[in-house]
Amino acid sequence: MSFWNLMEYAAWGLSAVFGLYIVIDWLKTDATYDEEVLTSSREGELEAMVEERHG
Amino acid sequence: MAEFDITSKTRDGMGPHGTQVGLLRVLGPAHVWALGVGIVLVGEYMGWNFAVGKGGAYAALIACWLAGILYTCVAMIDSEVTSTVAAAGGQYTQAKHIVGPLMAFNVGLYLVFAYTMLEAANAITAGYLISQVAALTGYEGELNQKPFIVLSILFLAWLNYRGVLATLTFNLVITAIAFTAIIILFLSTSGVLGGSMMQHKALFEGAAALPYGWIGVLAAMHFGLWYYLGIEGTTQAAEEVRSPARALPFGTLAGIMTLLIAATLTWYICTGLIPWEFLGDGTNGSVAPLFDAARLTGSQPLVVLLGVGTLFATLASANGCINDASRAWFSLGRDKYLPGWFGAVHPKYRTPYRSIVFLVPIALAFALGAPLDQVITFSILSGLLGYTFMPINMILFRRKWPMDSIKRGYEHPFHPLPSIVLLTLCAVTFFAVFLGYGTQLVAMIVFYIVASLWFHFWRYRFVARAAQFTMPWPRPKGY
C-alpha cells in the first residue's frame, strides 16, 4: 500500500474522530443542561450593561 | 456535571436581559482582520483569473479596482452600522433593526447560503490541491479526494465547535502566512530582490491586454468580486469581540486595505509571468495562478511556499465561512425566525454549537454532490444580493437615527456617496452576472421569493416580536 493510500485511510479515520467528538459532546451537553439555560442568550447584553452603568 | 456555575452573574457575556450562557467576548481587532481576510484571500490564489479570460489583463485590473471601490464602500458602511449594532448575525441583525423582519429573514438566508456554499467550494478545492500534491510527488494512481474534502469540513467544524478564540487564532496564523507568501513572491519576481522576471510588455502586445474591448471589462466585473468576496464577514464577530466599537472598524478597514494590496500585487505578478489565454482559463489552464507563477520562477522554495499559501488560504476561507454561517443561523434561531432550538450556546465552549453541527451535513452534501462552478455561482449571487441591501440599509440608518441620536463606534465619511457608488456598482455587476449566468440568477431570485412567502404567511407567527429588539436605542426619527 502506497503512502497516499494510507493518507486516504488516515483522512477517513480522522474525519470519523472529529465527527464523533462533535456528536457525542453535543448529545452529552443537551442531556446535561436545561434547555432554558442553553437558549438563554439574548443580543444586546453589552449595550444593556453599559446603559445600566450609565443610567 | 457542569464544571462551573453557569448562572454566575460575574461571567462575561451574561447580563440584564437574562442571558445565562452567551457567546464569549474574547476577540480583538487582529481576529476580526483574520476572519475577513481569511475568508477572502483564497480569491487571490484562484478564481479572480476568470476575469482575464472574460476581458484580458487590463479588464481584470479595471474589475479589480472597481470591485475594490465597491468593497471599500461595503467595509465603511459595515464598520459604521456594526460598531453600533454589535450582535451576532451581522447584516441580518442590521436589517432586523433598521429595515424590518422580512428583509432580515432574506438577508439571513443570503448570508447562510453565501458562506455555506463558499465553505463547500473551499473543501472541494482543498481536496483538489491535495490530489495535485500527490501527483507532484510521483503518485501515479488517481487520488480519492473525498476523504480530504470530508476531513477539511469536519476538522474545521470541530475547531469552531471548541471555541472562537482558537478558531480565529488559527485563522490569523494561516492567513498571515498566505498573505506573506504573496509579498515574498512579488519581492522575488518584480526586481526588488534580484533581477526582474516580469514580461508585461511582451505579454500585453497587440490586442492581448484588452481583447474584447469595453464589453470585456463589463463581463470581467463578475469575477472582479473574487478579489474581495467575504470581507463583510467581519461583522459576524460583533458579539464576540471585547470592544466592538474599536475592533470591528479597525479589523474591517485594515482587512480591505490588505486585500487591495494583495489583489493588485496578484494581478501584477500573474499577468507579468503567465500568458493571458492560459491565465484566463481557470478550469483547463491556470487553476491556481499564484502557484503557477511560482512554478514559472523555477525556484523550489517559492513553489513550496505558494503551494502552502494556496492550501492555507483555502482552509482559512472554509474556517471563516463555518464561523460566519453558524452565527447567522444562530441569530435566526435566537429570534425564532427559525426554530429556537438553533439559538443554543454551548455552556463550556460558548459557541453556537447546534448551528455549527446542523450546517455540517449541508456543507458536506454540496461539497460531495454539487459541481464547483454552480456552488460558487450561488454563493456569489447570494453575496451580491446582500451587497444590494447594504446601501439601502445605510441610508435608512442615517435617516432613522441621525448622527447625534446614537453613539457610533465609527462614522463613515462622504455619506451618501459610498451608498450611491455601491448601489451603482451592484447594478453593473447584476447586469454582468445576467450576461453570463442569467438562468442561475432568475432561479435564485425565485427561490428567495418562495422563501419570503413561506416566512410571511407561516413562519412569522412564531417570531418573538418584542423580544427581538433588545438594543437600548431611542425611537427612530419620525416614529
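## Helices α8 and α11 of chain B

Helix α8 (residues 164-189) of chain B and helix α11 (residues 244-273) of chain B cross at roughly 45 degrees, and their axes come within 10 Å. Helices here are DSSP runs of H or I with at least four residues, strands are E runs of at least two, and both are numbered from the N terminus. The axes are lines fitted to C-alpha atoms, for helices over the stretch in contact, and the angles run from 0 to 180 degrees between N-to-C directions. The angle makes α8(B) oblique to α11(B); angles under 35 degrees count as roughly parallel, over 145 as roughly antiparallel, 65 to 115 as roughly perpendicular and the rest as oblique.

The crossing of α8(B) and α11(B) is left-handed, meaning that the near helix is turned anticlockwise from the far one by less than a right angle; clockwise would be right-handed. Nonpolar covers Ala, Val, Leu, Ile, Met, Phe, Trp, Tyr, Cys and Pro, charged covers Asp, Glu, Lys and Arg, and the others, Gly among them, are polar.

## About the model

This is a predicted model in which local features need pLDDT of at least 70 and side-chain atom pairs count only at pLDDT 80 or more, while totals for chains, interfaces and linings use all residues. Residues are numbered from 1 along each chain as its sequence is written, chains are lettered from A and ligands numbered from 1 in the order in which they are written, and side-chain values use heavy atoms, with hydrogens and water left out.

## Helices α7 and α14 of chain B

In a second pair, helix α7 (residues 146-162) of chain B packs with helix α14 (residues 300-334) of chain B at an angle of about 55 degrees, the axes lying 10 Å apart. That angle makes α7(B) oblique to α14(B), and the crossing of the two is right-handed.

Residues of α7(B) in this contact include Ile153(B), Leu156(B) and Asn160(B); those of α14(B) include Leu315(B), Ile322(B) and Arg327(B). The contact of α7(B) with α14(B) divides into seven nonpolar, four polar and one charged residues.

## The covered helix α5

Helix α5 (residues 91-98) of chain B is mostly covered, with eight of its eight residues buried. Buried means under 20% relative accessible area, exposed over 50%, and partly exposed in between (1.4 Å probe, protein chains only). Tyr92(B), Lys96(B) and His97(B) are among the buried residues. The cover includes α4 (57-82), α6 (101-136), α14 and α16 (372-400) of chain B. After α5(B) comes Gly100(B), with a positive phi near 155 degrees.

Trp65(B) sits in helix α4 of chain B and counts as partly exposed because its relative accessibility is 45%. Its C-alpha is 8.8 Å from that of Ala263(B), although Trp65(B) and Ala263(B) are 198 residues apart in sequence.

Trp454(B) belongs to helix α17 (residues 417-457) of chain B and, at 40% relative accessibility, is partly exposed too. Neighbours within four places in sequence aside, Trp454(B) is in contact with Phe105(B) and Arg459(B).

## Chain A

Chain A has three helices and zero strands, in the order α-α-α from the N terminus. Of its 55 residues, 38% are buried.

Conventions: Contact = heavy atoms within 4.5 Å.
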